[in-house]
Amino acid sequence: MAKKALTLLSIIAILSMFSISMVGAAPVPSGTTQTYIVLYKSQSVPSDAASSITAAGGSLVYSYDQIGVAIAQSGSEAFSANLSLDAKVEGVASTANFGIRLNDEFEVVDAASLNQAVAAGSWGDPLSGSQWDMVQIHVPEAQAINSGSPSVVVGDIDTGLDYTHPDLAANVDFADSVSCVSGVPNTNPSAWMDDNGHGTHTAGTIAAAANGIGIIGVAPNVRIAAIKAGNAAGYFFPEAVICAFTWAGDHHIDVTNNSYYADPWLFNCRNDPGQRAIWKAEQRAIRYAMQQGVTVVAAAGNENQDLSKQNIDTTSPDDSTPVTRDVTNACVVIPVEIPGVIGVTADGNLMQKSFYSSYGVSAVQVVAPGGDSRYQRTTDAPRGTVLSTYPGNRYAYAQGTSMASPHAAGVAALIVSQFGKIPPGAVQAMLTQTADPIGCPPNPFDPGGTGAWLATCQGGSGYNGFYGHGQVNAFNAVTHTTAP
């Protein structure tokens, strides 16, 4: 989603239907310096990594010794082949054009115009009357019990956040915020300032303050750390994703929200030599974060695909012309399909699967409001979309599993606030045990009746591919009496 100039006091639609999709980039000219992921066979980076990388025709940029991954650069076309001769190296992959891009729609609005329009229906801060999503998952009732603890930190792995936004400023955790865009941690606040908009929107859903201004997040008293992995154009490159999860693990972040998928291929195949090194490096980083106590929450994606089955991928890669390919269960969407990650699908105000939301038995654990502007517009949700913060003291309506995931991350933060630091598996168990079960609709699910968004739900009322264990319930989560 490219940054646009906006006029305050107006509502502006940006781009097309909100989704997470991939946009092509120009091929890298021969001889251009490229960034490489170097995956070592051991879980640590060898002491001679710098010299061996130099001998292969490159230079060491950064070493993630915690997971056995190095970031390197080289302008030599022979670099990958040369370094692969090192017996300590498992794989080398260039990340050129291996970034996914957010291609989203936002309706951006001036706070003053919204204040006048919706103040009468507010349950909290002035714009809360438009937060049907919070009412749907019982956030007002939960906040009467627990609004989150300032000792709990949620890392939003996204495009950064606007730390000057009045609805976020009080909760921004500067010490744990970072830009990972280059693959090298940069803690300068100007580096992790949101220059895209997506990250500020997801951050607001998690932790917008209850301060008499604008909206209220799910957990308005927790701290929010910007872990910037997406650049101004909305591209998330592998080196940034690896940096982000390693940073979260090193800083013992309590919860991370991940409203994106990684790499140019929607499905990453471990049996594909061109993808394996990146796939395994990202997997190591995610597992490292979880081993350090980080609860990882991730969006399921907006392709209306069953992630548990073989699929046809027609959108990848983003570094050249997309090709149609069969995708087997050896291929996964990262991070949502990494074991231990809490996968989140999206629903609308009628508590039906959003038309765009991907799904799948074993791939998802819960559902949360992501909006549905086509088929689930109601009196309470006239746009059908989710309102949250946007850079420049503005707010935006948007829809997608990108919007669903931060709701679940916010509830996870409330669980940690209520019950203390508990392992990620325990957080996931409490999140799923306290969710409101939603059974499968009649199959095939055909919103709009046109066949354009056909989907088949598998499973029962206690767990199924559309809704996992059910819709997150913030009140149930903070009043749960069973010890984790």
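**View 1. Helix α7 passes helix α10 in a right-handed crossing.** In this predicted model, α7 covers residues 198-207 and packs against α10 at an angle of about 35 degrees, with the two axes 8 Å apart. On the α7 side, the contact is made by His198, His201, Thr202, Thr205 and Ile206, while α10 contributes Ser402, Met403, Pro406, His407 and Gly410. Sorted by class, the residues of this contact comprise three nonpolar and seven polar ones, with no charged residue.

**View 2. Helix α10 also packs against helix α11.** Here α10, residues 401-419, and α11, residues 424-433, pack at an angle of about 110 degrees, and their axes are 10 Å apart. An angle of 65 to 115 degrees counts as roughly perpendicular, and α10 and α11 are therefore described as roughly perpendicular to each other. The crossing of these two helices is right-handed. From α10, the residues Ala408, Val411, Ala412, Ile415, Val416 and Phe419 meet Val427, Met430 and Leu431 of α11. The contact of α10 with α11 holds nine nonpolar residues, and neither polar nor charged residues take part in it.

**View 3. Four strands form an open sheet in the order β4-β5-β3-β6.** The pairing in this sheet is antiparallel, and the edge strands, each of which pairs on one side only, are β4 (59-64) and β6 (89-94). From one strand to the next, the twist averages 20 degrees. Strand β4 is joined by five bridges to β5, which spans residues 69-74, and within this pair Leu60 stands opposite Ala72 of β5. On the way across the sheet, β5 pairs with β3 over six bridges, where Tyr36 stands opposite Ala72 in β5. Five bridges then join β3 to β6, and the bridge partner of Tyr40 in β6 is Val89.

**View 4. Strand β3 is covered on both faces.** In a regular strand, the side chains alternate between the two faces of the sheet. In β3, Gln34, Tyr36, Val38 and Tyr40 lie on one side, whereas Thr35, Ile37 and Leu39 lie on the other, and all of these residues are buried. Counted along the strand, seven of the seven residues of β3 are buried. Helix α8, made up of residues 238-250, lies across β3 (34-40), β4 and β5, and runs at about 50 degrees to β3.

Definitions and conventions. Residues are numbered from 1 along each chain as its sequence is written. This is a predicted model: local features need pLDDT of at least 70, side-chain atom pairs count only at pLDDT 80 or more; totals for chains, interfaces and linings use all residues. Side-chain values use heavy atoms; hydrogens and water are left out. Axes are lines fitted to C-alpha atoms, for helices over the stretch in contact, and angles run from 0 to 180 degrees between N-to-C directions. Angles under 35 degrees count as roughly parallel, over 145 as roughly antiparallel, 65 to 115 as roughly perpendicular and the rest as oblique. A crossing is left-handed if the near helix is turned anticlockwise from the far one by less than a right angle, and right-handed if clockwise. Contact means heavy atoms within 4.5 Å. Ala, Val, Leu, Ile, Met, Phe, Trp, Tyr, Cys and Pro count as nonpolar, Asp, Glu, Lys and Arg as charged, and the others, Gly among them, as polar. Two strands pair if DSSP finds at least two bridges between them. Buried means under 20% relative accessible area, exposed over 50%, partly exposed in between (1.4 Å probe, protein chains only).
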